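Biologist: I am new to this structure and would like to learn how to read it. Please show it to me, and I will ask as I go.

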Amino acid sequence: MSTRDDVLASLREAGGLPISGEKLARSLGVSRAAVSKHVAALRAAGFDIHAAPGLGYALLGESDALDPRVVRSHVRSPWWIDIRGGGEVVSTMDEAARLARGGAPAGTVVLASRQTGGRGRLGRQWESPEGGVYLSAILRPQLSPAEITPLPLVISLGVARGLAEFGAAPTLKWPNDVMLDDGKVAGILLEMSAEADRVSWVVVGVGLNVFASAPLAPGAAYIADVVPDVTRPHVAAEVLDAIADVVDRFERSGFAALRDEYESLLAALGREVTLTDVDGHLQAVGTARGVDEAGRLVVATATGDAAFASGDTSLRPPSVPI
Ligand code: BTN
């Protein structure tokens, strides 16, 4: 940690109460002038730090800048070794894939506060206006392509756990949408490079709606609507920490170790669902019974149980022409 990070950590620890420059300088082993320089840098990075004459510095508000250093200051997991970016890119998927092809290690994260060519599942576009968090993280699991099929579900569970840290109550929509109430709050996209029996790298892309954009995206939900005073770097950090945790568990113990928790958040569990394929064609109608060890959705249909590896689910049965 740098001295700037230490100053921030001390101010956070004080919980909004003032600490004198002299006390900060003494405890960090630096001069008072250095403390004042770091406070100025933190203010420039968007932190609301009040200087009360005779009392010292008090942290009154966190920074909302999607700056890698600010995100890093919230991250607890040692997994994320290189957090970079934060401005506008075409797609963080392209940036992270380029880094992965160049040999960047697992634990590299590319952030963006806007994307001009964000992409989603099934060849869709992912609108990426200011107000969201867009990130792609490099993983290098020691697994085969067949073994990582449940990984998108694992990541969605991690994102849901991260949002639950703020007191939100997210649910999951198979395979990997994260929902708040009836709206989609996060989308997940995985891209990988692999040989027949070994994955070389996986880029995990996560798009999070934090502050509502104008015009409002139909069907979207926003974290700031249920979590007051939330900031984008804090959201990014909680989500990254939770992803590190679930991926670590998945790599060690497989999806079996996370399946119950995934199913407990599955809004469709035990309910009537409609499953469509990548082209929007109807695949099945029936009751969602859960997911199997490969992450496939198991649906009880009129002709028996069937497991589906891909597609989109909706809770409403399709309208049938009479
Ligand atoms: C979905 O269709 O639900 C998946 C959306 C994934 C969007 C994220 S935003 C960060 C990363 N960069 C992209 O271009 N896409 C993913």
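Biologist: Which backbone oxygen does the side chain of serine 63 reach?

Modeller: This is a predicted model, and the values below are computed from it. The side chain of serine 63 reaches the backbone oxygen of alanine 45, at 2.5 Å. That side chain also reaches a backbone nitrogen, the one of alanine 65, at 3.1 Å.

Biologist: Where does serine 63 sit, and is it buried or exposed?

Modeller: Serine 63 belongs to the loop between β2 and α4. Buried means under 20% relative accessible area. Serine 63 has 0%, so it counts as buried. Setting aside residues up to four places away in sequence, serine 63 touches Ala45, Gly46, Phe47, Val70, Thr231 and Pro233.

Biologist: How do I read a buried residue in a strand? Take isoleucine 83: which residues is it in contact with, beyond its sequence neighbours?

Modeller: Begin with the element, then the accessibility, then the contacts. Isoleucine 83 is part of strand β3, residues 82-85. Its relative accessible area is 12%, under the 20% limit, so isoleucine 83 is buried. Beyond four places in sequence, isoleucine 83 is in contact with Pro68, Val71, Arg72, Val75, Val109, Leu111 and Leu240. Leucine 111 is 28 residues away along the chain, yet the C-alpha atoms of isoleucine 83 and leucine 111 are separated by 7.4 Å.

Biologist: What is the case of threonine 149, buried or partly exposed?

Modeller: Threonine 149 has a relative accessibility of 44%, so it counts as partly exposed. Threonine 149 is placed in the loop between β7 and α6 (151-164). In sequence, threonine 149 and alanine 309 are 160 residues apart; in space, their C-alpha atoms are 8.7 Å apart.

Biologist: Now a helix. Which residues of helix α1 are buried?

Modeller: In α1, residues 3-13, the buried ones are Arg4, Asp5, Val7, Leu8, Ser10 and Leu11. The next step is to ask what they pack against. For α1, the buried residues pack against α2 (21-28), α3 (32-44), β1 (48-52), β2 (56-61) and α4 (68-74). After α1 comes glycine 15, with a positive phi near 60 degrees.

Biologist: How should I read strand pairing? For instance, in what sense do β12 and β13 pair?

Modeller: Look at the direction, the number of bridges and a pair of opposite residues. β12 and strand β13 (residues 282-291) pair in the antiparallel sense over five bridges. Leucine 275 stands opposite alanine 284 of β13. The two strands, β12 and β13, form a hairpin with five residues between them, and glycine 280 in the turn has a positive phi of about 85 degrees. β12 also runs antiparallel to β16, joined by three bridges; there, threonine 274 stands opposite serine 314.

Biologist: What follows β13 in this pattern of hairpins?

Modeller: β13 and β14 run antiparallel, joined by four bridges. Valine 291 has leucine 297 of β14 as its bridge partner. β13 and β14 form a hairpin with five residues between them, and glycine 295 in its turn has a positive phi of about 85 degrees. β14 is joined in turn to strand β15 (residues 304-308) by five bridges, again antiparallel. The bridge partner of valine 298 is alanine 307 in β15. The hairpin of β14 and β15 has two residues between the strands.

Biologist: Why is β14 said to be largely enclosed by the rest of the structure?

Modeller: Because four of the five residues of β14 are buried. Threonine 301 is one of the residues of β14, which covers 297-301. The side chain of threonine 301 reaches the backbone oxygen of glycine 304 at 2.7 Å. Beyond four places in sequence, threonine 301 is in contact with Ala284, Val285 and Gly286.

Definitions and conventions: Residues are numbered from 1 along each chain as its sequence is written. This is a predicted model: local features need pLDDT of at least 70, side-chain atom pairs count only at pLDDT 80 or more; totals for chains, interfaces and linings use all residues. Side-chain values use heavy atoms; hydrogens and water are left out. Buried means under 20% relative accessible area, exposed over 50%, partly exposed in between (1.4 Å probe, protein chains only). Contact means heavy atoms within 4.5 Å. Two strands pair if DSSP finds at least two bridges between them. A polar contact is a pair of N or O atoms within 3.5 Å; within protein, one must be able to donate a hydrogen and the other to accept it, and residues adjacent in sequence count only if both atoms are side-chain atoms.
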